[in-house]
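Hi everyone, thanks for coming. Please have a look at the structure on the screen, and then we'll walk through two parts of it together.

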Amino acid sequence: MTPVKLLILGGTTEASALARALVGDGRFAPVLSLAGATRAPVAPPIPWRLGGFGGVAGLAVYLAEHEVALMVDATHPFAARMSAHAVAAAAQAGVPLLVLRRPPWVAVPGDRWQVVAGMAEAAAALGALPRRVFLTIGQKDLAPFQAAPQHDYVIRSVDPPAPATLPPRTRLIAARGPFDAAAEHALLVAEGIEVLVTKNSGGSAVSAKLDAARRLGLPVIMVRRPPAPEAATVATVEAALAWLYGRASARA
Ligand code: NAP
């Protein structure tokens, strides 16, 4: 049987786990696609490619030229542009698309969340009085916080942010998750953090900061996810594999 050509749009723990689960599975010929956003991505265990496709049209051409038979969008819940492109290109090329998306975090008793729609709202929600802020939103959405220069920011990201996007009073921490609750607790205390700002990424790799904030009684400004892509969606790697196995056996 010819292996099914599969394109995985990645950049997440789930995409990496899916790739690992497909190693040695002769039913599939998978390729993992990474945006190239991280300077030193962890080398994937399956064939991979790097960089944008050139919009919807470019992705549709890629799908056709590489005879991709199935596509899994396992990008980050905030990678809305890539996800929208995947829906449109899959429709154009007639390629079945599955979205693998971890569920969002949900507040539990003791949480003091303020949910906002975007980064500008998050910056405004910090208020007029200076505060010590822990910003864990990645390195590319920092510019809106320049509108709130009265605060001291501790910014944690995998790669260093572009200096031009930074608010004036910042301390940078370069780190890649997962993070554990004890270390997060210690960090919030050591830095004298008064409020945390995060995207609702979901998942367990970076959720310890929320546990630590809860235990310290700290408020959290939680940036809501962009609208989910309109496509079949599963929440776990296991469910994505079940979908892939079903599709592969239907083709056999
Ligand atoms: P985005 O705004 O939705 O996408 C911007 C452009 O980057 C896309 O139009 C596409 O370029 C290219 N791109 C994105 N993901 C790609 C992929 N997996 N393979 C090839 N090209 C890709 O995406 P983003 O928010 O910048 O995220 C970029 C990457 O980082 C994604 O892989 C995402 O999973 C990962 N990531 C994002 C976040 C986050 O908070 N946004 C957090 C962790 C990881 P073309 O239009 O040229 O095809």
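**Around the ligand**

Let's begin with Gly55: one of its backbone N or O atoms lies 3.1 Å from an oxygen atom of the ligand, a polar contact, meaning a pair of N or O atoms within 3.5 Å. This is a predicted model, where local features need pLDDT of at least 70 and side-chain atom pairs count only at pLDDT 80 or more, while totals for chains, interfaces and linings use all residues. Residues are numbered from 1 along each chain as its sequence is written, and side-chain values use heavy atoms, with hydrogens and water left out.

Gly54 also takes part, with a backbone N or O atom 2.9 Å from a ligand oxygen. From Lys140, a side-chain N or O atom is 3.0 Å from an oxygen of the ligand.

How many residues surround the ligand? There are 22, each with a heavy atom within 4 Å of it. Which element gives the largest share of that shell? That is α3, with four residues.

**Over to helix α5**

Helix α5 covers residues 181-190, and its buried residues are Glu184, Leu187 and Leu188; buried means under 20% relative accessible area and exposed over 50%, with a 1.4 Å probe and protein chains only. Helices here are DSSP runs of H or I, at least four residues, numbered from the N terminus. Looking down the axis of α5, these buried residues fall within an arc of 95°, so they line one face of the helix; the arc uses directions from the helix axis to the C-beta atoms. On the other side, Ala182 and Ala190 are exposed.

Note on methods. Helix = DSSP H or I, 4+ residues; strand = E, 2+ residues; numbered from the N terminus. Polar contact = N/O pair within 3.5 Å; in protein donor to acceptor, adjacent residues only side chain to side chain.
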